[in-house]
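Dear colleague,

Here is the structure I promised to pass on to you. Please look it over first, and then read the notes that follow.

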Amino acid sequence: MFIHIRNLAFNYQGADEQTIKDFNLTIDQGEIISILGESGSGKSTILRLIAGLEMPTSGNIMVGDHCMCSNSTFTQPEKRGVGMVFQDYALFPHMTVEENIKFGLQKWSRKEKKQRVLEVLELVNLQDYRKRYPFELSGGQQQRVALARALAPKPKLLLFDEPFSNLDADLQIRIREELRRILKSTGVTSIFVTHDQDDSQALADRIVVLRSGEIADLGTPNEIFGTDCSFSERLAVKPRVLSRV
Ligand SMILES: Nc1ncnc2c1ncn2[C@@H]1O[C@H](COP(=O)(O)OP(=O)(O)OP(=O)(O)O)[C@@H](O)[C@H]1O
Ligand SMILES: [Mg+2]
């Protein structure tokens, strides 16, 4: 197992009940996991705990051989090798595509940076856009820049928080397919959170259904949704807001 999350619990200060309750999950290298749940179920909180933006009240998280947090250790976010793509992409508006991607590569040599920027731009098919500013790009293109920026430093783990919610329905379907292809081609392990069951079905190898901070269900898309259609058929399914959870 590449990622091992054990007995993770957390509550925000002043909250009446625990936001995350005894969360346990193991993830294989290269696996794509979706955390599916209603608004307020704790999805973003789980990502924040994994990224090191919050400290759990108990439990531990291992990524490879490295302990991210436990009773006695806490690895700072920048030392975790974890990349994050936010809902609003959080691109720097005053920087070009190329500069946005270079931002995470500060310790790399000039030559390495240049090479890596070209590699990730090719991966997301934006070679011709490197001199543009974010406001000169479509929503889908901005999302691909955010993905390229997160992939550039070769993270061990990529986290996505509602990556499709700013895209229109047709683009959402196309981007899912592309995102799965890119993630699988790089072999990066990833976790994305969504409240849209079609996103989960289309993209994930396994789905964690989260309800009030607890795992309500865990399995492959077929196990969770009882469908035996192929990934390509599922990718054609129109997005629909979570109905089962
Ligand atoms: N900074 C905070 N302080 C106190 N409570 C918080 C804070 N952030 C989130 N919460 C609460 O923790 C619970 C889980 O929030 P979280 O943001 O993880 O939900 P979510 O599943 O990501 O929801 P959404 O789909 O709306 O983004 C909610 O009840 C929320 O009100
Ligand atoms: Mg959220």
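**Cavity, pocket and sheet**

The largest cavity holds about 70 Å³ of space, where a cavity is a set of points, on a 1 Å grid over the protein atoms alone, at which a 1.4 Å probe fits but cannot get out, and where a volume is the space filled by probe spheres set on the points, with grid points joined across faces, edges and corners. Please bear in mind that this is a predicted model, in which local features need pLDDT of at least 70 and side-chain atom pairs count only at pLDDT 80 or more, while totals for chains, interfaces and linings use all residues. Residues are numbered from 1 along each chain as its sequence is written, chains are lettered from A and ligands numbered from 1 in the order in which they are written, and side-chain values use heavy atoms, with hydrogens and water left out.

The residues that line the largest cavity (those with an atom within 4 Å of a point) include Val-85, Arg-144, Phe-160 and Glu-178. Helix α5 (169-186) and helix α4 (139-151) each give two or more residues to this lining, and α5 provides the largest share, four residues; helices here are DSSP runs of H or I with at least four residues, and strands are runs of E with at least two, numbered from the N terminus. Because domain 1 (1-81 + 157-245) and domain 2 (84-154) both contribute to the lining, the largest cavity lies between them, the domain bounds coming from an automatic or database domain assignment.

The largest pocket has a volume of about 890 Å³, a pocket being an open set of points with protein on both sides within 12 Å along at least five of seven lines. Of its 27 lining residues, the closest to the centre are Glu-78, Val-82, Gly-83, Gly-104 and Pro-153.

Strand β9 (residues 206-211) runs antiparallel to β10 and is joined to it by five bridges, and Arg-211 stands opposite Glu-214 in β10.

With best wishes

Key
Pairing = 2+ DSSP bridges.
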